[in-house]
Amino acid sequence: HTVQRGRMLYVPRIWPDLGGPKVLGIMQILTLVLCSCSGKRSTLPWDLPANSSWEHQGGLVFIHTESSLYSLPCSPIEMEVAHPTYRWVQDRPASRLFSVTKEGRLLFQHFQAGDSGNYSCTISYMKHGVPVSQTFHYSIFGYHVLGGLDTVLLFHNKLCEDERTKRFLRDLQDKLRQLEIKQHCKLHLTATFCFPSLNNPLDDFIVQVQLEVSPFGSHWDEHCNSQDMETVTDCYRKTVRHNLGQVQLALTRFFKEHKSFLITGPDIPSSNFTNEFVGFLKTTQCSGGYGQTKQLQRCLDCCIVCPPGTSSPPKASQCSPCPVGTYSPIYGVAFCTPCKDGMITRVPGASSMTDCIKKERTKQAVSIVHRIPALILIILPALLALNFLFILSSCYWFYREYRVSSPRASKITGRATRMEMVTSFFRIPRQGPQAGPDAGPTSDTSDADTSASQGGNEEPTDGAPSPAVTSNLAAVTDEPPPVLTQEDRKDTF
């Protein structure tokens with residue numbers, strides 16, 4: 001049968017074997033004729049693409065710190081191809097050279113935090129005479145299980161001199177190196193202090209030495225060979241607990257056998273450092289450059305390497321972005337690198353030296369960011385003051401309205417309104433230069449106004465008019481009642 005892009009054409013075997021090439025030629029001609037009659041583009045079996053390539057995401061790969069040997073296959077699944085070639089590429093300049101097996105496996109020996117990163121492997125081979133390539137991408141992270149020891153050593157000495165102390169510390173580390181190899185651990189000198197003794201502060205001094213014990217020394221995981229993440233992580237935990245117990249016993253025995261360290265030299269007088277105390281404290285904290293980021297689901301308490309742009313000091317539990325003005329270009333950084341003088345980064349979390357730019361470019365932006373809290377402190381009191389003034393003014397106007405609408409004020413306002421209505425209705429003339437001769441004596445009007453003004457503060461009897469009104473009414477009772485016009489009604493109301 002012949003395959004044409006998913007379409008099968010079955011040709012029955014009815015021709016005799018009159019010669020292979022002739023029969024094949026006839027079949028090819030028939031195939032071309034059938035394809036042309038069907039209106040489809042003719043495709044021969046050997047009409048294949050010149051090249052084929054695929055991209056695959058291999059996923060996350062976690063490798064324990066100081067692993068004795070870890071091999072990563074090029075393809076996550078077994079591929080049976082003829083004569084393949086492999087090519088591994090890292091997304092940044094490699095810190096060291098790696099070896100690749102003939103099966104295409106990438107080998108990591110004594111894995112370090114800086115070996116983390118993005119890796120790609122391309123497998124190339126021939127298929128039906130056509131070159132084919134498949135690329136697999138991996139994100140590799142270093143990690144470590146929790147466990148360690150903090151060791152405190154106290155030594156007595158006659159003097160506190162830097163040169164003698166340095167010579168003593170070098171001699172101490174040389175003697176402990178054999179213990180490191182035997183116990184598959186690492187001993188880091190973290191701090192040294194010298195202070196007078198309480199018993200004899202003039203002639204006796206104490207040198208305090210602090211050592212950090214890491215269980216991840218050379219070949220520490222030689223008993224954990226499984227590639228399964230869950231199985232190997234459990235093995236790592238057991239190995240760490242066992243190794244730390246053995247290191248503690250070995251150090252205790254070592255300092256019992258080495259009670260004193262005699263330091264001599266041509267340039268310094270002889271001095272004796274006598275050991276008096278050895279203390280241990282188990283720790284469950286991350287190493288420098290690692291943090292508990294919860295990326296490894298099968299080991300949530302494990303410490304994962306900090307990616308570029310972040311850092312984690314020793315014994316910290318989280319990876320933090322690099323502050324403004326610093327950057328970290330590699331994995332597993334304990335402290336970020338400061339930019340050069342006169343340079344600064346725009347935002348936290350810079351991962352390259354190219355992120356550092358001159359301060360003039362970001363001076364305005366940085367100043368605005370720094371001024372935001374100050375502006376809030378300035379604007380907030382002003383807003384509170386405005387709200388307070390608004391509340392006071394509202395209370396004041398409400399109080400004024402309340403006074404005007406009080407019962408006493410209502411009575412006074414109502415009495416004045418009634419006086420105006422009566423005066424307007426009966427056309428009682430007021431005192432003024434417009435008053436005619438019929439308005440009555442001036443003294444009467446002034447007396448009425450005076451009496452009205454004087455009686456303003458007195459409570460008149462309901463239904464009884466005031467004396468001034470009574471006199472005016474008496475003056476107009478003999479006249480006929482006036483007729484109200486439209487304008488008079490408007491004035492009245």
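This is a predicted model: local features need pLDDT of at least 70, side-chain atom pairs count only at pLDDT 80 or more; totals for chains, interfaces and linings use all residues.
**Start: the whole structure**

Show the cysteine side chains throughout. A search of the whole structure finds eight disulfides. The tour visits some of them, including the link of cysteine 224 and cysteine 235.

**Stop 1: cysteine 224 and cysteine 235**

Select these two residues. Their sulfur atoms are joined in a disulfide, with an S to S distance of 1.8 Å.

Is cysteine 224 buried or exposed? Cysteine 224 counts as buried because its relative accessibility is 8%, and buried means under 20%. Cysteine 235, with a relative accessible area of 21%, is partly exposed.

**Stop 2: cysteine 286 and cysteine 303**

Move on to cysteine 286 and cysteine 303. These form a disulfide with sulfur atoms 2.0 Å apart. The torsion about their S-S bond is about -80 degrees, so this disulfide is left-handed.

Colour by secondary structure to see what the pair holds together.

With the surface on, check both ends. Cysteine 286 has a relative accessible area of 4% and is buried. Cysteine 303 is buried too, at 0%.

**Stop 3: cysteine 299 and cysteine 302**

Next, select cysteine 299 and cysteine 302. A disulfide joins them, S to S 1.7 Å. Which hand does this disulfide have? The torsion about the S-S bond is about 70 degrees, so the disulfide is right-handed.

As for the surface, cysteine 299 counts as buried at 1% relative accessibility. Cysteine 302 is likewise buried, with a relative accessible area of 1%.

**Stop 4: cysteine 185 and cysteine 395**

Finish with two further cysteines, viewed for their accessibility. Select cysteine 185: at 4% relative accessibility, this residue counts as buried. Then select cysteine 395. Its relative accessibility is 47%, so cysteine 395 counts as partly exposed; the exposed class would require over 50%.

How values were computed: Residues are numbered from 1 along each chain as its sequence is written. Side-chain values use heavy atoms; hydrogens and water are left out. A disulfide is a pair of cysteine sulfur atoms within 2.5 Å. Buried means under 20% relative accessible area, exposed over 50%, partly exposed in between (1.4 Å probe, protein chains only).
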